[in-house]
Amino acid sequence: MLELRIRGVDVQLSLLFPAAVVVLLSLDPSGMPLWCIAASLMHETGHFLALFALGSRPAAVSVGVFGVRLRQDPAARLSYGGSLLVSLAGPSVNLLTFAVLAATVGPTAVPALIHLTMGAFNLLPVGPLDGGQALTFALASRWGEDRAESVVQAVSIAVLV
């Protein structure tokens, strides 16, 4: 695990992440891994831009093989509504990019389908995904965090089954 501190933000980079990227790029000459990496970078940029636009910043960022995790700065913590917007910003970027690509190169072009898949998948109401996080924040604003997490856990299990 590589650990850095950049402008007051703790950054952790799993060494498996760059290794996985190199393997994917080496084994698949089609170019699809590059489109997937670009879609992922755009997705995460959406989260970061929303976070900064709402006046917050990450305290820590962890990059691993299975994604990026942000931990908010406790001194600049967002409301449930703000956190919901940050959760939805990543998939929104992918779906907006899909719409632009569908209109310009066609809805069945590989880059367009990658963005559609990434956006739609991340909107699933499953706990660790953006849709699950958004649902947690929406329910927590009405029922409290404990009840919201219980409901989201049940919904996650139902969706996965």
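This is a predicted model: local features need pLDDT of at least 70, side-chain atom pairs count only at pLDDT 80 or more; totals for chains, interfaces and linings use all residues.
Let's begin in the loop between β1 (2-6) and β2 (9-13), which is where R7 sits. Most residues other than glycine have a negative phi. R7, though not a glycine, has a positive phi of about 50°. The residue is also exposed, with a relative accessible area of 77%.

A hairpin through two residues connects β3 to β4. How buried is strand β3? Six of its seven residues (58-64) are buried, so the strand is largely enclosed by the rest of the structure.

Now for α2, residues 32-53. At 1.5 Å a residue, its 22 residues should span 32 Å, and the end C-alpha atoms are 31 Å apart, which agrees. Buried in α2 are P33, A39, H43, E44, G46, H47, A50 and L51. These residues cover an arc of only 140° around the axis, which puts them on the same side of α2. The face turned away from that buried side carries the exposed residues L34, L41, L49 and A53.

What covers the buried residues of α2? The cover includes β3 and β4, along with α1 (16-27), α3 (80-104), α4 (110-122) and α5 (130-143). Finally, just after α2, look for G55, which takes a positive phi of about 85°.

Technical notes. Residues are numbered from 1 along each chain as its sequence is written. Side-chain values use heavy atoms; hydrogens and water are left out. Helices (H or I, at least four residues) and strands (E, at least two) are DSSP runs, numbered from the N terminus. Buried means under 20% relative accessible area, exposed over 50%, partly exposed in between (1.4 Å probe, protein chains only). Two strands pair if DSSP finds at least two bridges between them. The expected span of a helix is 1.5 Å times one less than its number of residues. The arc is that of the directions from the helix axis to the C-beta atoms. Contact means heavy atoms within 4.5 Å.
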